[in-house]
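Here are some notes for a colleague opening this entry for the first time. Please keep the view open while reading.

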Amino acid sequence: MNGNAVRAGIVMGALTLLLAMPVAPAVAGDVHRWVDDDGTVHYSHTPRPEASDRERQVYDRHGFLREVVPPPPTVEEREARAEEERRAEAGDNDSAERDARRRQLERAYDSLGEIERQRKQRLEALENNVRLSERQAERLERERDRIEDQKSRNRDDPGLQRRYASQLEDVRGRLERERSYMERQQTRIDDMNVQFDADAEDYRELVMNEED
């Protein structure tokens, strides 16, 4: 008799003995088989706590394999599964965001040329504001220089000194506000260029490529 036949005979014999034992009606006929860390084969009529983390084979009353209960996933397997689910969810979110972005671009522009037309129109308005502000700043600088010159020529007149000092404070404040305004306008110009560049790139990828 070969080794496989011997092992099969042992398994069937163990199953026969277990099936012959009196058991509760709810579990009658079921035999659970598992192997421990030492390679020892165990049999029972009910799942044992010590076998909860192992694969179990369940045999019916006739000794036929009815079910294989896989072991619970390891920590690494659970983490890998969770990561897969996160990636799948991120992929779904990314797809939804791309669709929303495409619809936004289609509502805002009817072509790539429309993006450049809107860019030119809006930038011209901002650049005109900057030019006007620059001219105003130049006038204020000339006014500041004039008052400083008059103040230096009338050092001996306390009344004029006070008046010129007040005027200088006012002109310098207005000049500072004008320069701050120009900086804000230039920042808006830079930001607008960045936004239109992004719109043009996304329009090519999300709208034009889809049409192709």
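**Notes on the predicted model**

1. Start with one pair of residues. Arg33 stands opposite Tyr43, a residue of strand S2. Keep in mind that the model is predicted.

2. Now widen the view to the two strands. Strand S1 covers residues 31-35. S1 and S2 run antiparallel, and 4 bridges join them.

3. Where does this pair sit in the sheet? The order is S2-S1-S3-S4. That makes an open sheet of 4 strands, and the pairing is antiparallel. Strand S2 (41-44) is an edge strand, and so is strand S4 (65-69). Each of these two pairs on one side only. From one strand to the next, the twist averages 20°.

4. Next, the elements of the protein. It has 4 helices and 4 strands. Read from the N terminus on, the elements go α-β-β-β-β-α-α-α.

5. How much of the protein counts as buried? The figure is 23% of its 212 residues. The cut-off for buried is under 20% relative accessible area.

6. The accessible surface of the protein is about 15,100 Å². Carbon and sulfur atoms account for 47% of that.

7. Last, contacts along the sequence. Take those between residues at least 6 apart in sequence. Of these contacts in the protein, 54% join residues at least 24 apart.

Technical notes:
Residues are numbered from 1 along each chain as its sequence is written. This is a predicted model: local features need pLDDT of at least 70, side-chain atom pairs count only at pLDDT 80 or more; totals for chains, interfaces and linings use all residues. Side-chain values use heavy atoms; hydrogens and water are left out. Two strands pair if DSSP finds at least two bridges between them. Axes are lines fitted to C-alpha atoms, for helices over the stretch in contact, and angles run from 0 to 180 degrees between N-to-C directions. Buried means under 20% relative accessible area, exposed over 50%, partly exposed in between (1.4 Å probe, protein chains only). Contact means heavy atoms within 4.5 Å. Accessible areas come from the Shrake-Rupley method with a 1.4 Å probe; for residues, only the protein chains shown count as cover.
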